[in-house]
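The following questions and answers examine a single protein model. Please consult the sequence and the coordinates alongside them.

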Amino acid sequence: MPKLSIVIITFNEERNIGRCLDSVKEVADDVVVVDSYSTDSTEMICRQAAVRFVQHHFEGHIEQKQWAISQAVYPYILSLDADEALSDELKQNILLVKQQWKHDGYYMNRLTNYCGHWVRHCGWYPDKKLRLWDSRTGHWTGMNPHDKFELDNGDIASGFLSGDILHYSYYSLEDHYRQVEYFTTIGAKTAFEKGKRAGILNLILNPSLKFIRDYFIKLGFLDGATGFTISRISAYATYLKYKKLRALWRSKQ
């Protein structure tokens with residue numbers, strides 16, 4: 001039976017990390033938390049939980065998660081964010097996989113809790129993620145801050161586990177807007193560095209299309225007021241990213 005390392009990156013996650021660590025106790029043979037110098041009680045909570053706690057300067061989500069793999073004791077890895085936890089069904093299926101590992105990696109769905117509401121539409125569910133894998137068969141990629149793990153042999157080498165990663169995303173609207181500011185700044189910077197540009201039509205059309213997609217096509221209206229709020233803020237985030245990207249090009253000129 002292969003042994004499993006749980007890898008988690010953190011920064012000021014005292015509100016979430018305890019729940020995350022509690023949820024992996026049954027499946028973990030090794031837990032390492034890679035922290036980018038938190039200033040809250042994240043470290044204390046991790047040390048009380050008797051997991052390995054390593055600090056490393058943050059250079060980007062992709063870079064941090066790729067470096068974190070090197071800190072794992074075992075090549076078989078379950079990667080979680082600090083604001084995530086395993087459902088009971090998912091835990092049982094991970095235990096079954098450990099008894100007979102058949103694929104290079106395994107996908108699972110992620111279910112998000114938004115200000116106390118579980119969101120099942122808006123394009124937020126099922127939010128399929130590749131989080132359990134043999135680290136020798138792939139690598140982290142994507143465009144910061146949106147990272148993803150890719151298998152060298154593609155999805156043909158993957159399986160799927162039922163059960164959910166429970167994602168406790170935002171506790172308040174202020175949390176959401178704060179994350180929008182953070183992610184759009186990183187996203188605009190990454191796009192700028194790759195030479196991407198944003199025209200005036202991007203500012204006008206893309207946010208509108210984003211709202212229509214999430215609220216109507218992805219059935220966000222079935223999530224009630226929560227679905228409308230998510231769709232509206234997501235559209236605003238699209239607008240803000242392009243606005244920041246245009247500002248970067250103007251500053252360069």
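Q: In which sense do β4 and β8 pair, and over how many bridges?
A: The model is predicted, so local features require pLDDT of at least 70 and side-chain atom pairs count only at pLDDT 80 or more, while totals for chains, interfaces and linings use all residues. Residues are numbered from 1 along each chain as its sequence is written, and side-chain values use heavy atoms, with hydrogens and water left out. Strands (E, at least two residues) and helices (H or I, at least four) are DSSP runs numbered from the N terminus, and two strands pair if DSSP finds at least two bridges between them. Y76 has D134 of β8 as its bridge partner, and β4 and β8 pair in the antiparallel sense over three bridges.

Q: How many bridges join β6 to β8?
A: In β8, K129 is the bridge partner of M108. The strands β6 and β8 run antiparallel, and the number of bridges joining them is four.

Q: Why is strand β8 described as largely enclosed by the rest of the structure?
A: Burial is defined by relative accessible area: buried is under 20%, exposed over 50%, and partly exposed in between, with a 1.4 Å probe and protein chains only. Strand β8 covers residues 129–134, and it is largely enclosed because the number of its six residues that are buried is five.

Q: Which residues have the most contacts inside the largest nonpolar core?
A: A nonpolar core is a set of buried Ala, Val, Leu, Ile, Met, Phe, Trp, Tyr and Cys residues joined through side-chain atoms within 4.5 Å. A second, separate core of 17 residues includes V7, I62, I69 and F149. The largest core has 27 residues, and those with the most contacts inside it are I8, I94 and L132.

Q: Is Q64 buried or exposed, and at what relative accessibility?
A: Q64 lies in helix α3 (residues 61–69). Leaving aside neighbours within four places in sequence, Q64 is in contact (heavy atoms within 4.5 Å) with residues including I9, V34, H56 and F58. Q64 counts as buried, at a relative accessibility of 1%.

Q: What is the C-alpha separation of W118 and T226?
A: W118 belongs to strand β7 (residues 117–119) and is partly exposed, with a relative accessible area of 34%. Beyond four places in sequence, its contacts include L111, L166, Y168 and D223. W118 and T226 are 108 residues apart in sequence, whereas their C-alpha atoms are separated by 9.3 Å.

Q: Where is S135 found, and which residues does it touch?
A: S135 is found in the loop between β8 and β9 (138–143), and at 16% relative accessibility it counts as buried. Not counting residues up to four places away in sequence, S135 touches I69, P75, I77 and F149.

Q: Which peptide bond has omega of about -5°?
A: P126 is placed in the loop between β7 and β8. Another cis peptide bond, from N144 to P145, has omega near 10°. The bond with omega of about -5° is also cis and joins Y125 and P126.

Q: What is the phi of L219?
A: L219 is found in the loop between α6 and α7 (224–252) and is partly exposed, with a relative accessible area of 35%. Phi is positive in this residue other than glycine, with a value near 60°.
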